[in-house]
Structure formats: C-alpha cells, structure tokens
Amino acid sequence: MNIKVYVPRDATALSLGAGRVAAAIEREAQRRGLRAQLVRNGSRGLFWLEPLVEVATAEGRHAYGPVTVQDVPSLFDAGFLEGKAHPLHLGPTEEIKELKSQQRLTFARVGIIDPVSVDDYVAHGGYAGLKRALAMSPGEIVDAVTQSGLRGRGGAAFPTGIKWKTVLDQPPQQKYVTCNADEGDSGTFADRMLMEGDPLMLIEGMTIAGIAVGATQGYIYLRAEYPHAHRALNEAIAAARASGYLGSNVLGSGKQFELEVRLGAGAYICGEETSMLESLEGKRGEVRVRPPLPAIKGLFGRPTIVNNVISLASVPVILAKGADFYKDFGTGKSRGTIPLQLAGNIKHGGLIERAFGLTLRELIYDYGVGSASGREIRAVQVGGPLGAYIPASQFDTAIDYEALSAIGALLGHGGVVVFDDTVDMAGMARYAMEFCAKESCGKCTPCRIGSTRGVELMDRVLANVDRERNLQLVEELCDTMLHGSLCGLGGMTPFPVQSALKYFPEDFRKTVQ
Amino acid sequence: MSADRALRDPLDDLTREQIEAALAAQQGRPGPLLQVLHDVQNRLGYVPPAAIPLIAEVLNLSRADVHGVVTFYHHFRQAPVGRHVIQLCQAEACRSMHCEKLTEHVQRKLGVELHGTTADGRYTLEPVYCLGNCACSPAVMIDGELHGRVTPDAFDALIAPLS
C-alpha cells in the first residue's frame, strides 16, 4: 500500500523547517521498510501549525502539527500513517475550526494538491474554466468576468472586466497579458502562497485572459524575493506546456498562448502597473504618465492586461461555475471572496479567505486569537505600507472596499499587520517616510524630495525640536505629496503618517529621554 | 577605485565568458536587460562595473541606460559579495515583532553594518523589505533559504554551521 504523506513546499512552511521534516519522514519510512509517497503540497495557510503534515486515510486527510524533526519517530510509532492518535494529531484537516469556517474559492486547491501536477489539478476541477472559455466568444468571456463583479485584488480594486473589455476593443495586433506578482506590501503573502500552492490556477486564468482579448503572450512579473514561487511557477509552466495547455495550439483549439516568468529586482515601485511595464521592458521602473492606459498602450506600446495574481486566479472559478456563483459571495460593491492575510504580532497568523464583510475584530480575535506577545493589540495596518493605521476603537469595521474607505482606510491587497501596545506610532510614521524615500522612482518631486524632508521633519519631532511647528509642516508635506504625485507611492505614503498622527497623537509628543 | 577607472578596466576572460553566456541566454527576447543582469549576478555574485560597456554594446543600449538600470534596482550589487548573504527584513510586519532588535544583534554579532561585508569576506548583510513571511516575523533569508520567527539565539544557531 502506498500511503500519501503531504509536507508543504510553501516558503513559510519551509522557513519553519518543513524541508527537514520531509527528509526525516522519508528516512524514517525507509528505515522501517514502509512505503509512503511524499507529496510536497502548498500550505493550508494555518501558519501556527506549520510544518503541518497530512496523511491521506480512508476517511480523508488527517493533520499533524506543528511537526519538528524530533517528532518524526514518535509519529511513526503512534501509527500516523493510519491517522492514529498522537499529541500533535489535529484530526481531519477539513475539520480544523479556522479552516472549516473559511470560504475558499481562489484558495480551494491550495494545500490540497501537488502544485505542479497537471493531473492533480485537473482531478480537482482545474482547467474546467478554460474548457468553458474555449467554447465561448471573446465577448462572452469578458462579459462573464464583468458580471462577476471581480475587482482588482492588487489594491486599486478596478473592475477587472472593464480592463479586459478595453484591451479586447483594440484592433487586432500583438497584445499582452501581464500578471503583477510583485507582492511588495509588508503583511501580504496571498500571491506567494497561490503561486507556490496552485500555480496552474494562475496559468489557467492568464490563458483565459489571453484567449478573451486575443493576446498570445503572457508575462508574470515576479519579485526576486520569492525564489520558491519562481521555482513552482517554472515547473508548473513546463508541465502545462507538456500537457498541451500552453503553447501554439492550446488544447487543440488553434489558439496560441505562451507564458514567461520575469524577475523583478527589489524595487517596491514596480508593483505600480506602469512602472512594472517599464521594468518588464528591461528599463528603470519609472512610473509612466497615464493616459494612455496600459490597456491601450501598455507593454512595448501594445494593448496590455495588467492584473494581480489573485485577480487572474479568480477567473477560472468564474468561468467554471458562472459569474452568478461568484457574485453571490460578498456584500454591496465588494463581490466574491477576499484572501485576507493576517500578519505581524499575531498568535494565529495566516491566510483567511472569506466573502467580504468579516469585521476586523472577527479577523484579529476569532481567527488570530490575539497578539503573539499576549499583550493588548493597539493598532493594525491594513493594505500594506501605504495603508492607514487603524486604532482598536475601529475594529468593528467590516472588511470591504467601501466600509474601509469610509473610515479613511483602504483594503489594498488584503494584508493586515497587527501591532501590540509596545509599538511606537511616531516611529512607524517616520518609517513610512523612510520607506518612500528608499523606494521612490524619482519621477515626481513631492515623492522624491518630500519623503526625505519627511524623515528629517519626523526626526525633529521625535527630538522635540520646535515640535508643534514641525508637526504642522508634516501635515502640509503630506498634503503636497498626496496631491502632487503621479502614483500611489507618493500619493499614499501620507495615509499611514496622517492616520498615526490622528489616532495616536500622544506618541508624537513623548518627553525626550 | 573610481567608477571611471572601473569602466576602463579590462574584464578577465572568465568573467567575459560568463557575461557573454548570460547575454546569449536571452538572445532574441524583447527587453532582456533585467534578466541579463540577474543572470550575470547569479554567475558572478555581482554586476562588475566593467561589464556595463559589454552588455550595452550587445543589447544596443547606451552605457548610461545600463548603468541607470543597475543602480535603480536594490537587488543588483556593484561590488563582490561575501560568501554568505544574509538578508534581514525591515518592513512593517517584522517591525511589529521588533526586527530592529534582531538587526542590532546581527550587526553586533558579525561586526558589520547593513549593506556591508565582513572584513574576512564571509558575510554580506543586506536589508530587505518583505520576504512574504509576514505571519512568522521576524524573517531572515540566508543564502536564499528563508527562516521565520528568528530570535537572536535562533540566528546564532543558523549561522553556526556557516562559520
């Protein structure tokens, strides 16, 4: 009997020792003369349980975790290959409370399948969307995406279908589909998990996009900080090509779609779409002036779809199950599900995919079980380094685009970073300016120079040099950056600064030691 | 050595071969400069300033174009690197778990500041802004291997086999 044992190849799981655990399980099975087939899956996203080892039993998969190398012999002694009891036994994986209560559409297969096996992908419903798309007209595919209400999950929340329609409406010529996988926001890892755990879903989504708008070439712009995702994507692309899902004749349809991964080089700004296009062309990642929109003049001057990983990976399920199925999740103008990433000073951090509408409090306390330090939670930053700091008094806000916008915050890419009461919010405001100074592409003066002046002003505030006047200058500088920058880096760096000033003024007026 | 002098310095044959191989691997692809630079850095550990004229010539770009790209991106190094590259995340999620303290510890332990290489050429220390391991902060990458929930003691244990 060949028993399947699952040990994730996800970067977070590996960072906690999953690679060593996998090797130890293989060694131990061999030593005992047992036959076990090791599958390197993605992560379920329950990071406090990683490395999470699963065993396929007759009654479904059973989980054990967090497993260390030292636990491996005792797991074999206890009979974990048959799903038997052990102090680390968590029961059937699907019954784990934090997983069971999720609504996984985009992450439906992540952690379940072998990420680079086309057979496994298809056996779990993969490529059903592409097959339906191949039987539809380009206009019908774009309509389905529009009808689903899908909005860009990278942060800007622009309706995906409208972008696609613009590209479709351009006269036939070389067009491109590009995937923005430059997931640079601190506190976010959904793109990474998806690319490592179910890369074929992204590949399928991009293929559908290509067929919908008449683009024959796709590029995934991946940040260099993600070597594990890079390997998984390249393996998955090779597997898809070998099985006829990519190439000059996709599934015998006569349609062509090729895909290439290109690496970024550690520039946060390249997550901005026009800067990403410059970088894909091999240039400095300087922001372009819009118009023209990338959908009209994008990569190499051609009509180009630019979508985030999660947006593109949401497309297969929309095509496979219909726009209405997807649209039925969510609330108001925020349709579908959102993979939230709970990070920072949190006890149970990880990935939570739910329909829009969960409150921050539910996320932080029901899923996250409070801070990692055990101290009081003082603030969260939602939406990455350009997102506002939200105080505990606003934790009952629902997580959807409109509700967050109403309190002056933004959802961005869905990352939530938790801070306990040891955080120095004035220090975090200074850091926001420092980060902007490091990452500014240099095109707009308010961002390039303003951020450096912002750091200097904050240093004076912290040192109590002419404090109130300098705080006033910080406010004025924020206003200038907000209104005088082409893109979100300069234009949104004020958000964390202003929110820290508004909700945590006491941190800016501490006595200097 | 001044930048000007570096540009005039001839490349040794081995280095030239590596750069030519990196250029050949991208031949025919549109907009290949970034990918060429990645390949050069993977082969040599950094992008030697003297490589710039060669890359510029083959890709039909100006030296200024290539220099501009090399210097724009944090990832590309212009000087040789230590035998082990240690990247310490400095972004918000890691700050919420006080990565500044870990950074101080590492700098003290290795006797080198961020962006520096130890005198014996063993370690290069680099700041990095998010490794995507934000639920297990602080995060550190050592020679491409990611580590999570890194305490000062855990860091010492991680580098023990390297020294």
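**Entry 1: the model and its outline.** I note at the outset that the model is predicted. I began with the overall extent of chain B, and its C-alpha trace spans about 50 × 35 × 25 Å along the principal axes. I then looked up burial, and 40% of the 163 residues of chain B count as buried.

**Entry 2: secondary structure.** I listed the elements of chain B and found eight helices and four strands. Read from the N terminus on, their order is α-α-α-α-α-β-α-α-β-β-β-α.

**Entry 3: domains.** I consulted the domain assignment of chain B, which gives domain 1 as 3-72 and domain 2 as 84-162. Taken over C-alpha atoms, the centres of these two domains of chain B are separated by 29 Å.

**Entry 4: a helix pair.** I next examined helix α2 (residues 13-25) and helix α3 (residues 33-44) of chain B, which pack at an angle of about 145 degrees with their axes 9 Å apart. I recorded the crossing of α2(B) and α3(B) as right-handed. Which residues meet here, in α2(B) and α3(B)? On the α2(B) side I found B:Thr15, B:Gln18, B:Ile19, B:Ala22, B:Leu23 and B:Ala25, and on the α3(B) side B:Val36, B:Asp39, B:Val40, B:Arg43 and B:Leu44. By class, this contact of α2(B) with α3(B) has seven nonpolar, two polar and two charged residues.

**Entry 5: a strand pair.** I turned to strand β1 (residues 84-89) of chain B, which runs parallel to β2(B) and is joined to β2(B) by six bridges. I looked up one partner in particular: B:His84 bridges to B:Tyr123 in β2(B). Is strand β2 of chain B mostly covered or uncovered? I found this strand, residues 123-128, mostly covered, with five of its six residues buried.

**Entry 6: the contact with chain A.** Finally, I looked up where the two chains meet. I found 35 residues of chain B in contact with 48 residues of chain A. The elements of chain B that give two or more residues to the side touching chain A are α3, α5 (63-72), α6 (92-95) and β4 (145-147). Of these, α3(B) gives the most, with four residues. By class, I recorded 20 nonpolar, 13 polar and two charged residues on the side of chain B that touches chain A.

Terms used. Residues numbered from 1 in each chain as written. Chains lettered and ligands numbered in written order. Predicted model: local features only at pLDDT ≥ 70, side-chain atom pairs only at ≥ 80, totals over all residues. Buried ≥ 20, exposed ≤ 12 C-beta atoms within 10 Å, placed from the backbone. Pairing = 2+ DSSP bridges. Domains from an automatic or database assignment. Axes fitted to C-alpha atoms, helices over the stretch in contact; angles between N-to-C directions. Left-handed = near helix turned anticlockwise from the far one by under 90°. Contact = placed C-beta atoms within 7 Å. Nonpolar A, V, L, I, M, F, W, Y, C, P; charged D, E, K, R; others polar.
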